[in-house]
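Hi everyone, thanks for making the time. I'd like to walk you through one structure today, so let me put it on the screen.

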Amino acid sequence: MSTNVARIVMHSFQKNLDSPLTKRETEILDRIANGQTKSQIANDLFIDQETVRSHVKNIYIKLDVNSKSDAIKTAKEKRFI
């Protein structure tokens, strides 16, 4: 594989550094995309479920979406997760 091709392949797997999401919001959305519930996320991250809900609300606002599936789809298309 040539250097240019390798660079293109590596770039395609990198996350978008211009994401409007915070590190925590990205982490939560990634966990949601992997099938975790809000309760599981709260337990794993040692935060309250209401905090998870607040992050999810902010994610929806920042990505201009109204559902979990739209948030995941948009984030994957734009390489935020």
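I'll begin with the chain as a whole and then turn to one pair of helices.

First, a reminder that this is a predicted model.

The chain has 81 residues, and 27% of them are buried. Its accessible surface is about 5,800 Å², with carbon and sulfur atoms contributing 51% of that. As for contacts, take those in the chain with a separation of 6 or more: 54% of them join residues 24 or more positions apart.

On to the helix pair. Two packed helices are described by the angle between their axes and by the distance between those axes. Our pair is α4, residues 49–63, and α5, residues 68–77. How do they pack? The angle is about 60°, and the axes lie 10 Å apart.

Which residues make the contact? On the α4 side you'll find Ile59, Tyr60 and Leu63, and α5 brings Lys68, Ala71, Thr74 and Ala75. Sorted by class, that contact has five nonpolar residues, one polar and one charged.

Key
Residues numbered from 1 in each chain as written. Predicted model: local features only at pLDDT ≥ 70, side-chain atom pairs only at ≥ 80, totals over all residues. Heavy atoms only, no water. Buried < 20%, exposed > 50% of the residue type's maximum accessible area, 1.4 Å probe, protein only. Contact = heavy atoms within 4.5 Å. Areas by Shrake-Rupley, 256 points an atom, 1.4 Å probe, with all protein chains shown as cover. Axes fitted to C-alpha atoms, helices over the stretch in contact; angles between N-to-C directions. Helix = DSSP H or I, 4+ residues; strand = E, 2+ residues; numbered from the N terminus. Nonpolar A, V, L, I, M, F, W, Y, C, P; charged D, E, K, R; others polar.
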